[in-house]
Amino acid sequence: MNWNDTLRYLDTPLPEDIARLKAAGYYNEAISQIDRLLNEDWTQTQNDGNSPDKAENCINTAPETLRYALLAQREIMSRIPQEYPYTEQQALAHMQEKIRDVTLNEFRQLVAENKIDWRFVNGEKHFAKRFCETLISTDDSFALRAGVKPDYAARAWRGQEAAMMQEKQTLSAKITLKYSMRAADEAFEKALAQAKAEGRKAVRVKAWLPVPAECPSQSEIQCESFWKKPTLLSASNTPQRTVYWETELETNEPIEAVYSYVRTANYVDPFSWENSDNAAECPWNPKDCLGEETPHIRFTPAMRRLTEAVIADAETDVEKASRIYDYVTLNVKYRFMPQYFILDNIAENCAYSRRGDCGVQALTFITMCRIAGVPALWESGLAVSKTAGSCHDWAMFWLEGKGWLYADCSYGGSAARRGEEALRRHYFGNLDTGRMAANHAFQKPLTPPKESWRADPYDNQTGEMELEGVGLTGNAYDTTITTLQYELQE
């Protein structure tokens, strides 16, 4: 079984003792308990060893569903401390290095207001790796105290582009991107030492880089150049599209691809029939976009009750989707998240904690839409500016008679924070030209499948890399996306 497939069993509850250890952050002890349970012979340990080996309904080991869940939880708990590295003293010192005039009282007040994310590690509060970046990115006052000038021009451009789309009904941009991925020197040297110990002089490398996928909003897709000839370029309609290399490296060099495409953004008013022809004619069957997808798109009782309250007396699908979009964009606060690998029941936690990044918000919208009977699906890749690209996720939803429309809850929420209601409404039904879509499905395998643990088993944005059969995660590798061309088409 592919290791990453075990994540589908995360809805299986942990045994109480292990759950308590995880909640308190005693991850090493919890992992030891998992290892004990995975190796336990139940016929010998239960009922004082008096369980008959061949009795009907006798189970010798943990049920398959529990075993898979434990394997996934084991890996999750091994990664959590990397995502929450700071004690309170360290977090305060880190914040004071980046933001002027921070006091302990201010720090603790931000924690009390749920503006700084934390978890227990060995019974002590530890704080998220990117909590400072969240404050600086989402609050202009912190940005200014950090000496970072908010990008007012980029914000203004979004509003201008939305107005142009409404006026012209369609906009297109020719975009060329350079995508570069490189292992951290420490990770590469460790792999090289292993190779030399086995009598080899080069590291065995597998690498997957995201590339533009075929969809109605992207055309003229061209892979311009690669650092070396790829082993495989997956089909243009692959759910999570990549270019793949299987090679050997004697020195640590970047793995690179340059590709171009035309991104088209059509304007659609979801509440009007005037421009319904502009909706995306996607090949995805809406009937396939109504179900649960464990572990994160789940129709739990809590999510059903919340969705029923949010859609209330809404009669049409567009009204239901609009009210769900309003709930997410007007209630959920943007926050940089730890790697999705370690998160539990993403949509439900976002819906009730009211915190999350672009992908977390998209999953919440998708889950609630599906509960309401509105087909919805995942799309992701990059948000592209005139200088660089960054990871981004959004959603699509389907309306009878119109087809597939877009919803970007993250961009809509950002507009709401700034009081730009027209722009918030724009991102219900529409996007913009600054996108690269590599994926139109959540939690799908790469091509070829990555058998070792993926850095992100749900999405495909930062690329994946293996050295000597070991998948790299966290700071063990880095990616850079550079915009070489971004030109609006006449």
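**Strand pairing, helix burial and aromatic contacts**

Five strands form an open sheet in the order β6-β7-β4-β16-β17, and their pairing is antiparallel. The edges of this sheet are formed by β6 (232-233) and β17 (470-471), each of which pairs on one side only. The model is a predicted one. Two bridges connect β6 to strand β7 (residues 242-249) in the antiparallel sense, and Leu233 has Val243 of β7 as its bridge partner.

Strand β7 also contributes to an aromatic contact. By the ring-centre criterion, 18 aromatic pairs were counted. In one of them, the ring centres of Phe226 and Trp245 are 5.8 Å apart and the planes stand at 75°, so the arrangement is edge-to-face. Phe226 belongs to strand β5 (residues 218-226) and Trp245 to strand β7, so the contact ties together parts that are 19 residues apart in sequence. Phe226 is partly exposed, at 27% relative accessibility, whereas Trp245 is buried, at 1%.

A further edge-to-face pair consists of Phe365 and Phe397, with ring centres 5.9 Å apart and planes at 70°. This pair links distant parts of the chain, as Phe365 lies in helix α14 (residues 358-371) and Phe397 in strand β12, 32 residues apart. Both Phe365 and Phe397 are buried. The two residues belong to one aromatic cluster together with Phe271, Tyr325 and Phe428.

Strand β12 (residues 389-399) is joined to β13 by five bridges, and the two strands run antiparallel. Within this pairing, Trp398 has Trp404 of β13 as its bridge partner. Three residues separate the strands in the hairpin of β12 and β13, where Gly401 adopts a positive phi near 85°. Strand β13 (residues 403-407) is largely enclosed by the rest of the structure, because five of its five residues are buried. Two bridges also join β13 to strand β14 (residues 428-429), again with antiparallel direction. Here the bridge partner of Ala407 is Phe428 of β14, a residue that is also a member of the aromatic cluster.

Helix α6 (residues 104-112) has Phe107, Leu110 and Val111 among its residues, and these three are buried. They lie on the same side of α6, because the arc that they cover around the axis is only 100°. In an α-helix there are 3.6 residues a turn, so residues three or four places apart point the same way. The opposite face, turned away from the buried side of α6, carries the exposed residues Asn105 and Ala112. The elements covering the buried residues of α6 include α5 (88-98), β1 (118-121), β2 (124-127), α7 (131-138) and α8 (140-145). Just after α6, Asn114 takes a positive phi of about 60°.

Two contacts between a charged group and an aromatic ring were also identified in the lines of the chain considered here. Lys125 lies over the face of Trp118, at 4.5 Å from the ring centre. The charged end of Arg79 is placed over the ring of Phe341, 3.7 Å from the centre of that ring.

With regard to cysteines, the count of disulfides is zero. For Cys350, which is in no disulfide, the nearest cysteine sulfur is that of Cys409, 8.8 Å away. Cys350 is buried, with a relative accessible area of 1%. Cys369 is likewise in no disulfide, and the sulfur of Cys409 is again the nearest, at 8.1 Å. Cys369 is also buried, with a relative accessible area of 0%.

Terms used
Residues numbered from 1 in each chain as written. Predicted model: local features only at pLDDT ≥ 70, side-chain atom pairs only at ≥ 80, totals over all residues. Heavy atoms only, no water. Disulfide = S-S within 2.5 Å. Buried < 20%, exposed > 50% of the residue type's maximum accessible area, 1.4 Å probe, protein only. Helix = DSSP H or I, 4+ residues; strand = E, 2+ residues; numbered from the N terminus. Arc of directions from axis to C-beta. Contact = heavy atoms within 4.5 Å. Pairing = 2+ DSSP bridges. Phe/Tyr/Trp six-rings, centres within 6.5 Å; stacked < 30°, edge-to-face > 60°. Lys NZ or Arg CZ within 6 Å of the ring centre and 35° of its normal.
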